[in-house]
Each structure stands twice: as C-alpha cells, then as structure tokens.
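Colleague: I am new to this structure and would like a short tour. Could you take me through it step by step?

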Amino acid sequence: MSRIISRRNMLTTTAAAAGTVLLTGCDELGRSEGFRKVLHSAEKLTFRAQRLITDRNTLAREFPASDMSPIFRANGSTMPGAAPYQKHLAERFANWRLAIDGLVQTPRSWSLAELRAMPQRAQITRHDCVEGWSAIGEWTGPQLSAILDAAGVKEDAKFVVFRCADTYNGGRYYESVDMVDARHPQTIVAHSLNGEPLPEKNGAPLRMRIERQLGYKHAKYLTGIEVVDTLENIGECKGGYWEDRSGYQWYAGM
C-alpha cells in the first residue's frame with residue numbers, strides 16, 4: 001500500500017533530520033555547506049510552488065467547539081524567568097505593551113486593553129507541532145493586518161518580524177513571516193485561549209497565531225512587531241530562532 005507524505009510529515013522529517021545533524025556535529029553531511037544549500041533550495045521551491053497554486057486567503061480548517069482538546073499542551077518556553085516578565089506577570093500584564101516599528105509610517109504601541117477594544121476574530125483551529133503532536137483550541141484577538149494598517153506599512157516592506165520576551169536556551173526567541181501570511185485573515189495577535197486570558201505556559205499575554213504554518217512560527221510572549229524589507233540583518237539571517245539554530249525551514253506552510 002502506498003504512503004501519502006503530507007506537507008506536515010515532510011517538514012517534520014526534514015527539520016528533525018537537519019536539527020540532528022546540525023546540533024550534534026557528528027555527521028559530515030550535516031556540516032556540508034552543499035547539503036545545507038540543497039535544503040535551502042528545496043524550501044524555496046516549496047514556498048514558491050505553494051504561493052503559485054494556492055489562494056492567498058485560503059483558510060486553515062476551523063473546527064466545532066466539540067472538537068476542542070481538553071488540555072492544550074505547552075511547548076518550548078513555558079515561563080520566562082527574566083525579571084521584566086516576572087514583574088509584568090505580578091501586575092497581571094496591566095502595563096504590557098505591544099510595539100510596532102520599522103518600515104511603518106507611524107511607529108506606536110498598544111496596551112492589552114487597546115488590543116481587546118479592536119475588532120476581534122475568534123477561530124477554533126488545530127495547532128500542529130513539528131514534533132508530531134496536535135491540539136485544537138479557540139484563539140481570540142485582533143487580526144495582524146489591522147495592526148499593520150493602523151501603523152501604515154511602507155511600500156518597500158516585505159517581512160514582519162515578531163519579537164518575544166522569552167530567552168530560550170540562551171537566545172531571545174523571534175520569528176518572521178512574509179506579507180502574504182502577515183495579512184492572512186487567520187493571522188491574529190491572540191490574547192485569549194478557549195475564552196480565557198492566555199495562560200503563561202501558552203504565551204501570556206500575547207502570542208501569534210499563523211494558522212497555515214507549523215507551531216514554531218506562532219511566537220509566544222509577544223512584545224514587538226518589526227516591519228522590514230529583508231531578513232539579512234536579523235539574528236543569523238534565517239528568519240527565526242529555530243531556523244538559526246536547528247535547520248528548521250523558514251517557510252513552514254501546510
């Protein structure tokens with residue numbers, strides 16, 4: 001019987017394999033610049049193909065409330081230990097602000113109350129982790145496109161970078177997407193999970209939901225949004241924390 005390999009399975013296998021060879025340093029293939037270029041070329045091909053054959057506004061599947069997972073698993077950072085975050089936590093995030101800067105007409109920031117006062121989108125979707133597990137939950141928050149429009153994105157902007165409060169394994173977490181995914185209807189800045197404020201383990205007080213991409217793209221503990229024309233000067237130029245360190249693909253679309 002033939003086996004159908006899904007986009008998710010392919011990403012999981014590729015990322016896990018690349019992460020193993022790059023982190024252990026024991027495999028000559030993993031240290032080969034040529035091998036890394038092959039992986040990068042394959043990612044670009046998949047990205048371009050998906051952009052060509054899919055509607056930019058195609059929605060990820062949404063589920064009925066009866067399908068919601070009884071427990072929404074946490075992964076990665078589950079409680080930033082830095083003093084600033086702990087102070088915000090003690091204040092119940094009353095002074096937390098989300099800033100937007102970079103290639104925008106009007107750099108600004110929003111409090112949680114201001115974000116909750118914006119038009120909201122609620123969506124029950126499945127979170128697919130690159131490690132192979134999934135969970136279904138209801139996320140609520142304003143669309144990222146509304147935040148971008150409020151700041152006035154400049155014409156030469158191409159990417160949106162998400163800045164986070166958590167330091168994970170010695171590095172500050174960050175992620176990025178292009179403008180297509182940034183403006184997708186289901187890309188939201190979520191402040192609620194299952195009708196309640198985000199738990200700390202799931203990214204309180206704010207996290208990204210980018211429903212057509214794998215879980216590592218959904219940055220938690222969100223503090224800032226930077227609009228840029230290139231990713232070449234950010235981190236190690238690969239577009240995200242795990243992309244920089246473990247060979248994960250920047251484009252994790254499903």
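Modeller: A word on terms first: a residue is called buried under 20% relative accessible area, exposed over 50%, and partly exposed in between, using a 1.4 Å probe and protein chains only. This is a predicted model, in which local features need pLDDT of at least 70, side-chain atom pairs count only at pLDDT 80 or more, and totals for chains, interfaces and linings use all residues. Residues are numbered from 1 along each chain as its sequence is written, and side-chain values use heavy atoms, with hydrogens and water left out.

Colleague: Then which class does Ala-150 fall into?

Modeller: Ala-150 is partly exposed, because its relative accessible area is 36%. Its place is in helix 6. Helices (H or I, at least four residues) and strands (E, at least two) are DSSP runs, numbered from the N terminus.

Colleague: What is the separation between the C-alpha atoms of Ala-150 and Thr-106?

Modeller: Those two C-alpha atoms are separated by 8.0 Å, while the residues are 44 residues apart along the chain.

Colleague: And which residues of helix 6 are buried?

Modeller: Helix 6 covers residues 144–151, and Leu-144, Ser-145, Ile-147, Leu-148 and Ala-151 are buried there. Seen down the helix axis, the buried residues of helix 6 fall within an arc of 160°, so they line one face of the helix. The arc is that of the directions from the helix axis to the C-beta atoms. As background, an α-helix has 3.6 residues a turn, so residues three or four places apart point the same way.

Colleague: What comes just after helix 6?

Modeller: Gly-152 follows, with a positive phi of about 80°.

Colleague: Which residues other than glycine have a positive phi?

Modeller: Asn-194 has a positive phi of about 55°, and Cys-237 has a phi near 75°. In general, most residues other than glycine have a negative phi, and most peptide bonds are trans. Asn-194 sits in the loop between strand 8 (192–193) and strand 9, and with a relative accessible area of 29% Asn-194 is partly exposed. Cys-237 is in the loop between strand 11 and helix 8, and Cys-237 counts as partly exposed at 44% relative accessibility.

Colleague: Where is there a cis peptide bond?

Modeller: A cis peptide bond joins Ala-204 and Pro-205, with omega of about 5°. Pro-205 belongs to the loop between strand 9 and strand 10.

Colleague: Let us change topic. How many salt bridges does the structure hold?

Modeller: The structure holds 10 salt bridges. The term means a side-chain nitrogen of Lys or Arg within 4 Å of a carboxyl oxygen of Asp or Glu. One of them joins the side chains of Glu-200 and Arg-92, at 3.5 Å from N to O. That pair links distant parts of the chain, 108 residues apart: Glu-200 is in the loop between strand 9 (196–197) and strand 10 (207–210), and Arg-92 is in the loop between helix 4 (83–90) and strand 1 (97–102). Arg-92 is exposed, with a relative accessible area of 54%.

Colleague: What does Arg-97 form a salt bridge with?

Modeller: Its partner is Glu-114, and the closest N and O atoms are 3.4 Å apart. Arg-97 lies in strand 1 and Glu-114 in helix 5 (residues 112–117), so the pair ties together parts that are 17 residues apart in sequence. Arg-97 is partly exposed at 39% relative accessible area, and Glu-114 is partly exposed at 36%.

Colleague: How about Glu-226: which side chain does it meet in a salt bridge?

Modeller: Glu-226 meets Arg-163, at 2.7 Å from N to O. Glu-226 is in strand 11 and Arg-163 in strand 5 (residues 159–168), which puts this pair 63 residues apart. Salt bridges that share partners also join Glu-175, Lys-217 and Glu-243 into one network.

Colleague: One last point. Is Pro-197 buried or exposed?

Modeller: Pro-197, which lies in strand 9, counts as exposed at 54% relative accessibility. The C-alpha atoms of Pro-197 and Thr-140 are separated by 9.3 Å, with the two residues 57 residues apart along the chain.
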